[in-house]
Amino acid sequence: MSSLTLAAAEEIVEAATERARAVGKAVSVAVVDAGGFPVAIRRSDGARPLTPDIARAKAYTAAVMQRPGTMLKKWQESQPVFFAQLSQLPGAALPIMAAEGSVTIKKDGEIVGGLGIAGGTADEDQTIADEVLASLGYELEFAAWGGPAGPGKDA
């Protein structure tokens with residue numbers, strides 16, 4: 001089993017911070033391991049005070065739910081009561097946030113963590129996350145819930 005190292009997490013945080021700065025956004029970036037535990041969190045100068053907590057919840061969600069927030073939004077819309085209860089489970093360390101800027105970190109077919117970005121618009125947070133992970137060689141494709149598993153895909 002692979003794990004997300006501190007060096008890899010810091011590389012993701014640095015790349016996301018730089019990308020956000022390049023588009024004129026002050027964001028917070030959080031990277032957690034596959035269990036949802038924080039590895040690296042950074043709040044850029046000028047980022048709003050609540051953004052680190054939002055970024056961490058987004059990263060946590062992407063890691064423990066093992067799917068990006070954009071996929072989880074569809075599930076949340078179809079089963080809002082069930083989805084709302086997930087955050088109330090005794091083992092839930094943080095709220096489950098199905099939102100843009102919440103991206104599962106996957107390498108060589110294995111989920112190794114989650115990335116959360118907060119501070120831009122929903123589309124900006126998502127674009128920064130996707131661009132950064134793709135540029136660093138992480139995978140962005142996930143099988144649909146209940147879909148068939150195949151080579152390089154998890155179900």
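**Close-up views of a predicted model**

D108 is exposed, with a relative accessible area of 70% (buried means under 20% relative accessible area, exposed over 50%, and partly exposed in between, with a 1.4 Å probe and protein chains only). This is a predicted model, in which local features need pLDDT of at least 70 and side-chain atom pairs count only at pLDDT 80 or more, while totals for chains, interfaces and linings use all residues. Residues are numbered from 1 along each chain as its sequence is written, and side-chain values use heavy atoms, with hydrogens and water left out.

**View 1. D108 and Q66, with positive phi values.** Let us begin with the backbone. Most residues other than glycine have a negative phi. D108 has a positive phi, near 55°, and sits in the loop between β3 and β4. Q66 also has a positive phi, near 60°. Its place is the loop between α2 and α3, and at 39% relative accessibility Q66 counts as partly exposed. Helices here are DSSP runs of H or I with at least four residues, strands are runs of E with at least two, and both are numbered from the N terminus.

**View 2. Helix α1 against helix α5.** Two packed helices are described by the angle between their axes and the distance between the axes. For α1 (residues 6–22) and α5 (residues 122–135), the angle is about 130° and the axes are 9 Å apart. Axes are lines fitted to C-alpha atoms, for helices over the stretch in contact, and angles run from 0 to 180 degrees between N-to-C directions. That angle makes α1 oblique to α5 (under 35 degrees is roughly parallel, over 145 roughly antiparallel, 65 to 115 roughly perpendicular, and the rest oblique). On the α1 side, I12, A15, A16, R19 and A20 make the contact, and on the α5 side I128, E131, V132 and L133 do. Contact means heavy atoms within 4.5 Å.

**View 3. Helix α2 and its surroundings.** How long should a helix of 14 residues be? At 1.5 Å a residue, the 14 residues of α2 (residues 51–64) should span 20 Å, and the end C-alpha atoms are 20 Å apart, which agrees. The expected span is 1.5 Å times one less than the number of residues. Helix α2 is mostly covered, with 10 of its 14 residues buried. Among them are P52, K58 and Y60. The buried residues of α2 pack against β1 (28–33), β2 (38–43), α3 (69–78), β3 (102–107), β4 (110–118) and α5.

**View 4. T104 in strand β3.** Is T104 buried or exposed? At 0% relative accessibility, T104 counts as buried. Leaving aside residues up to four places away in sequence, T104 touches several residues, including A62, Q66, I111, L133 and F142. The C-alpha atoms of T104 and A59 are separated by 7.5 Å, although these residues are 45 residues apart along the chain.

View 5. Between the C-alpha atoms of T5 and A134, 129 residues apart along the chain, the separation is 18 Å.
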